[in-house]
Amino acid sequence: MDYAPRPQDKFTFGLWTVGNVGRDPFGEPVRKPKTPVELVHLLAECGAWGVNFHDNDLVPIDATSAERTQIVRDFKNALSTTGLVVPMATTNLFTDPAFRDGAFTSNDAAVRAYAVQKTMRAIDLGVECGAEVYVFWGGREGTESDATKNPAESIKRFREAINFLASYSKSQGYKLRFALEPKPNEPRGDIFLATVGHALAFITTLDDPDMVGVNPEVAHETMAGLNFLHGVAQAWEMNKLFHIDLNDQVIGRYDQDFRFGSSNIKGAFHLVKFLEDVGYNGSKHFDAHAFRTDNDEGVKAFAKGCMRTYLILKEKAARWNADKNIQALVQQVNSIAPGLPAWQGGFSPDKAKLLSNHSFDRAAIGSKGQPYEQLDQLTMEVIMGVR
Ligand code: GCO
Ligand code: MN
Ligand code: MN
């Protein structure tokens, strides 16, 4: 297998990922900035299918309308030359000092209004370039001190903005779906809608919950010490997995944005296996960047590595599914003992009576062990490449 990415893999990168210049809180950029057109060509060379952007990755925040027109024209030309598509777009509501206290949840009503206006324009730009999913990452929506904001009030403000923008999108005739991206902290001390669970609950309170799903990110749930796959699986089961941000992260560290699969290979394996088994058909977006130590060749190695690792793990997932010993164990651990009262498939008084009258051999049930050590070892052997 050559593990070459194909369009149907739907691998995407943000302009900001391969365009990352390596600035961090302690150091200046180490790589030269590239234009959006150069980045589109770089991604095409690496084999990506799509490219996503924040409004200001493409059009600088202070661009004139003539500049905007020229930039968008050049960008679209690069897309048609390379065949790359733009499946997702988003708004930068975090870089400009105007957003120092958040955007939709800022205490300043002028900031909240400006953030909604900026997002309306960014939605127009995204749709103009072909985006079908619109991501909301509330990077600055949060606090350092809970003396400063009422978190319940902040959720109301967040809801009001999302409701307004969902209606705006529909009023323009756009077919966009919104995807909320949770993160627990960085750049704020604490960010609202901290995890996939918070976001899924929030969505049920919106005017049009069907239009809104989630964009979970490996690093973000991991920073919160959570099992990423469990959040993804719950979103999937609720038809809310509209997008996914793949990268890697060590628990307890700063926001690392490592190359996909480079840190927690077992977690990455189970994630890829889940996405492939259920037939997730959205973008697989790598929201990560090359080490600051690397130059331009390292950026390409990073981008190719993300996709190659995904495809290697996809092959390993197929191997796991086809492994006779593993499948025998999977069958065994899910086998149903005969003679159980039929209570499932909805309540009925008869079923309740049947279940109520059944006598269980608790000691026998409790004495039954599971061959999970074996199953996990065989899984590790698939991952390590000896099966
Ligand atoms: C981060 C986030 C961002 C968002 C991006 C798109 O930790 O900085 O993951 O990269 O994904 O702003 O919404
Ligand atoms: Mn992130
Ligand atoms: Mn992200």
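Is Glu 217 buried or exposed? In this predicted model, Glu 217 has a relative accessibility of 1%, and because the cut-off for a buried residue is under 20%, Glu 217 counts as buried. The notes below begin with this residue and the metal ions, and then turn to the ligand, the sheet and the loops.

**The manganese ions**

- Glu 217 (OE) and His 220 (NE2) coordinate the manganese ion (ligand 2), at 2.1 to 2.2 Å.
- Glu 217 also coordinates the manganese ion (ligand 3), and the two ions, ligand 2 and ligand 3, are 3.8 Å apart.
- His 220 has a relative accessibility of 3%, so His 220 counts as buried.

- Asn 247 is placed in the loop between β9 (245-246) and α10 (265-278).
- The relative accessible area of Asn 247 is 0%, so this residue is buried.
- Its side chain makes a polar contact of 2.7 Å with the side chain of Glu 217, the residue that coordinates both manganese ions.
- The side chain of Asn 247 also reaches the backbone nitrogen of Ala 219, at 3.0 Å.

**The surroundings of ligand 1**

- Ligand 1 is surrounded by 13 residues, and the closest are His 54, Glu 181, Lys 183, Glu 217 and Asp 287.
- The shell around ligand 1 consists of four nonpolar, three polar and six charged residues.
- A polar side-chain atom of Glu 181 lies 2.7 Å from an oxygen atom of ligand 1.
- For Asp 245, the distance from a polar side-chain atom to an oxygen atom of ligand 1 is 3.1 Å.
- In the side chain of Trp 16, an N or O atom is 3.3 Å from an oxygen atom of ligand 1.
- On its own, ligand 1 has 340 Å² of accessible area, and the protein covers 92% of this area.

**The sheet**

- Strands of a sheet pair through backbone hydrogen bonds, in either a parallel or an antiparallel sense.
- Here, eight strands form an open sheet with parallel pairing, in the order β8-β6-β4-β3-β2-β1-β10-β9.
- The edge strands are β8 and β9, each of which pairs on one side only.

**Strand β6 and its partners**

- Which part of the structure encloses strand β6 (residues 177-181)? Four of its five residues are buried, so strand β6 is largely enclosed by the rest of the structure.
- Strand β4 (residues 133-137) pairs with β6 in the parallel sense, over five bridges.
- Within this pairing, Tyr 134 has Phe 178 in β6 as its bridge partner.
- Strand β8 (residues 212-214) runs parallel to β6 and is joined to it by three bridges.
- Here, Ala 179 has Gly 213 in β8 as its bridge partner.

**Strand β9 and its partner**

- At the β9 edge of the sheet, β9 pairs with strand β10 (residues 284-286) in the parallel sense over two bridges.
- Asp 245 stands opposite His 285 in β10; a polar side-chain atom of Asp 245 also lies 3.1 Å from an oxygen atom of ligand 1.

- Glu 132 is located in the loop between α5 (109-128) and β4.
- With a relative accessibility of 56%, Glu 132 counts as exposed, because the cut-off for an exposed residue is over 50%.
- Glu 132 and Leu 176 are 44 residues apart in sequence, whereas their C-alpha atoms are 4.9 Å apart in space.

**Backbone features in the loops**

- Most residues other than glycine have a negative phi, and most peptide bonds are trans.
- The peptide bond from Glu 186 to Pro 187 is cis, with omega near 10°.
- Pro 187 belongs to the loop between β6 and β7 (190-191).
- Asn 239 is not a glycine, yet has a positive phi of about 60°.
- This residue, Asn 239, is placed in the loop between α9 (228-237) and β9, and its relative accessibility of 64% makes it count as exposed.
- Asp 257 is a residue other than glycine with a positive phi, near 55°.
- Asp 257 is found in the loop between β9 and α10, and with a relative accessible area of 14% Asp 257 is buried.

How values were computed
Residues numbered from 1 in each chain as written. Chains lettered and ligands numbered in written order. Predicted model: local features only at pLDDT ≥ 70, side-chain atom pairs only at ≥ 80, totals over all residues. Heavy atoms only, no water. Buried < 20%, exposed > 50% of the residue type's maximum accessible area, 1.4 Å probe, protein only. Pairing = 2+ DSSP bridges. Donors = N, O, S within 2.8 Å, 3.2 Å for Na, K, Ca; no water. Near = heavy atom within 4 Å. Polar contact = N/O pair within 3.5 Å; in protein donor to acceptor, adjacent residues only side chain to side chain. Areas by Shrake-Rupley, 256 points an atom, 1.4 Å probe, with all protein chains shown as cover. Nonpolar A, V, L, I, M, F, W, Y, C, P; charged D, E, K, R; others polar.
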